[in-house]
Amino acid sequence: MSHKISASNRSETSIKVMLNDEQIFLSSGLNVPGLLQLQNIAASSVALVRNGQVLPKSRWKETLCRDGDQFEVFALVAGG
Amino acid sequence: MSVSNADFLRYSRQILLPDVGETGQFDLFQAHVAIVGVGGLGNLVAQYLAAAGVGKLTLIDDDKIELSNLPRQLLFSDKDIGEYKSATAVLKLSNAYPGCNLQAVTDKLSEHNRQDLLAHMELVFDCTDDFGTRQLINLTCLQVKAPLITAAVANFSGQIFMVDMESAPDSGCYACLFPQDSHISQTCQSVGVLGPMVGVMASMQALLGMNLLLGIPVPTGKLLRFDGRAMQWREASLSRDLQCHVCGGRVEQPRSQSQIPDSSLLCEGGH
């Protein structure tokens, strides 16, 4: 089942979040790994900021996306 | 002890700052700092610190200079190709800044030498290009209680933050943000980088480090990311991961060796 909701078919349970400055609509009840999977982002190579605060990877599973959440997802960089 | 007349003149623009003064300059003279990785970031951080009058610098890198390093590793030139980065940087900086006591370590930071190399450092800079070494530096800094300023750059992305479990335990450590099983998709070798992109991040690293050495209040617990295309900085508050394999088990307790895992548990990254 897809959690992505098209703009023309938003149910009352849909929520709006920002992901790297882009607005996306989701059905409620989706957790962070679900969000990343939906966006085709490999969870193993990114870190995530939720509403200005780093969300440690160990808490991703228990964290549900809420309406108005602002997410920033970025790749780990190791070059020097 | 006071600053000599010649040094007063040399460092006058620093001493002029109310936050620095002669006391601050003297603090820089007294500092011993380690820079791990003498590539793009390490070249510039080392030069800024040596030029500013930091008393003692230890440069650690087992890499040798290659042609493809020259566009961004500005201490090196064609005739240095094949030489050790750490030894060459020490030679050049010692000539330019004789007041700075520079030491080169041409070994890779590893399980065998990490404690000896980083113990007693007032500050450690992570300027490496290798995820495994970054994890090892983080672990060692926690153990020897040295503040760590870690920066990384690839493509048009830069990241910088400070780790100091003594002054900011709630902000966690490097592994809280990037656990050891993370997958690195971006290195300078794989995605390229422009010299000034490295320069921006190295300047931030050197500035943050100098402020720290000078006792100027620094913003702790902040992750800063730079987008070199959009010319945009973003900041986020760091969080400690209570399940972190490096620092997670030590929440309310004083630091001790036994609570920090052996580094053999950490992954070793490639170049």
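User: What share of the 80 residues in chain A is buried?

Analyst: Buried means under 20% relative accessible area, with a 1.4 Å probe and protein chains only. In chain A, 46% of the 80 residues are buried. This is a predicted model: local features need pLDDT of at least 70, side-chain atom pairs count only at pLDDT 80 or more, and totals for chains, interfaces and linings use all residues. Residues are numbered from 1 along each chain as its sequence is written, chains are lettered from A and ligands numbered from 1 in the order written, and side-chain values use heavy atoms, without hydrogens and water.

User: In what order do the elements of chain A run?

Analyst: Helices (H or I, at least four residues) and strands (E, at least two) are DSSP runs, numbered from the N terminus. Chain A has one helix and five strands. From the N terminus, the order is β-β-α-β-β-β.

User: How many residues of chain B are in contact with chain A?

Analyst: Contact means heavy atoms within 4.5 Å. By that rule, 36 residues of chain B touch 19 residues of chain A.

User: Which three residues supply 20% of the area that chain B buries against chain A?

Analyst: Buried area is the accessible area (1.4 Å probe) that two parts lose on being put together, summed over both. Chains B and A bury about 2300 Å² between them, 55% of it on carbon and sulfur atoms. Arg225(B), Arg234(B) and Ser239(B) supply that 20%, more than any other three residues.

User: How many salt bridges cross the interface?

Analyst: The rule asks for a side-chain nitrogen of Lys or Arg within 4 Å of a carboxyl oxygen of Asp or Glu. It finds three between chain B and chain A. Arg234(B) forms a salt bridge with Glu72(A), at 3.8 Å from N to O.

Conventions. Buried means under 20% relative accessible area, exposed over 50%, partly exposed in between (1.4 Å probe, protein chains only).
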